[in-house]
Amino acid sequence: MTAEERTTLIEAVANQVTEVARSQNRKPEEVLEDMRKHLLVQRFRGFVSRNRGQAEANGWSESDVPGWVEEDRREQHSR
């Protein structure tokens, strides 16, 4: 992304945030915080989805997790 493209994007996002904040009678900072949270949730969902697929491909299930946690704790304790 070029500096000019980045500037254009920043201006577009700032305008959208300002417009949403005004329409909801909120501060732009509040809208930005909601956007940040939304993006974080989306990234987390993508992470879970990718790893769920990998776990299924490896034949792992949720019931395997407690054993792995216990194994990791033993390894951490022995260090």
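**Figure 1. Salt-bridge network of Arg-26, Glu-30 and Asp-34.** In this predicted model, Arg-26, Glu-30 and Asp-34 are linked in a network of salt bridges, a salt bridge being a side-chain nitrogen of Lys or Arg within 4 Å of a carboxyl oxygen of Asp or Glu. The side chain of Arg-26 meets that of Asp-34 at 2.4 Å, N to O, and that of Glu-30 at 3.9 Å, N to O. The model is predicted, with pLDDT of at least 70 needed for local features and 80 or more for side-chain atom pairs, whereas totals for chains, interfaces and linings use all residues. Residues are numbered from 1 along each chain as its sequence is written, and side-chain values use heavy atoms, with hydrogens and water left out.

**Figure 2. Salt bridge between Glu-33 and Arg-36 in helix H2.** The structure holds four salt bridges, and one of them joins the side chains of Glu-33 and Arg-36 at 2.7 Å, N to O. Because Glu-33 and Arg-36 are three residues apart in helix H2, about one helical turn separates them. Glu-33 is partly exposed at 30% relative accessible area, and Arg-36 is partly exposed at 43%. Helices (H or I, at least four residues) and strands (E, at least two) are DSSP runs, numbered from the N terminus.

Figure 3. Val-31 belongs to helix H2 and is buried, with 5% relative accessibility. Neighbours within four places in sequence set aside, Val-31 is in contact (heavy atoms within 4.5 Å) with Val-17, Val-20, Ala-21 and Arg-26. The C-alpha atoms of Val-31 and Glu-56 lie 37 Å apart, at a sequence separation of 25 residues.

**Figure 4. Asn-25 in the loop between H1 and H2.** Asn-25 is placed in the loop between H1 and H2 and is exposed, at 74% relative accessibility. Its phi is near 55°, a positive value in a residue other than glycine. Most residues other than glycine have a negative phi.

**Figure 5. Nonpolar surface patch.** Met-1, Leu-9, Val-13, Leu-32 and Met-35 form a nonpolar patch on the surface, with about 450 Å² of accessible area together. Helix H1 (3–23) and helix H2 (28–58) are the elements that give two or more residues to the patch. Val-13, located in helix H1, is partly exposed at 33% relative accessible area. Patches comprise residues with over 30% relative accessible area and no salt bridge, like charges being joined within 9 Å and nonpolar side chains (Val, Leu, Ile, Met, Phe, Trp, Tyr) within 5 Å. Accessible areas come from the Shrake-Rupley method with a 1.4 Å probe; for residues, only the protein chains shown count as cover.

**Figure 6. Lining of the largest pocket.** The largest pocket is lined by Ala-55, Glu-56, Trp-60, Ser-61, Glu-62, Val-65 and Trp-68. The elements giving two or more residues to this lining are H2 and H3. The volume of the largest pocket is about 150 Å³, taken as the space filled by probe spheres set on grid points joined across faces, edges and corners. On a 1 Å grid over the protein atoms alone, a pocket is an open set of points where a 1.4 Å probe fits, with protein on both sides within 12 Å along at least five of seven lines; lining residues have an atom within 4 Å of a point.

Conventions: Buried < 20%, exposed > 50% of the residue type's maximum accessible area, 1.4 Å probe, protein only.
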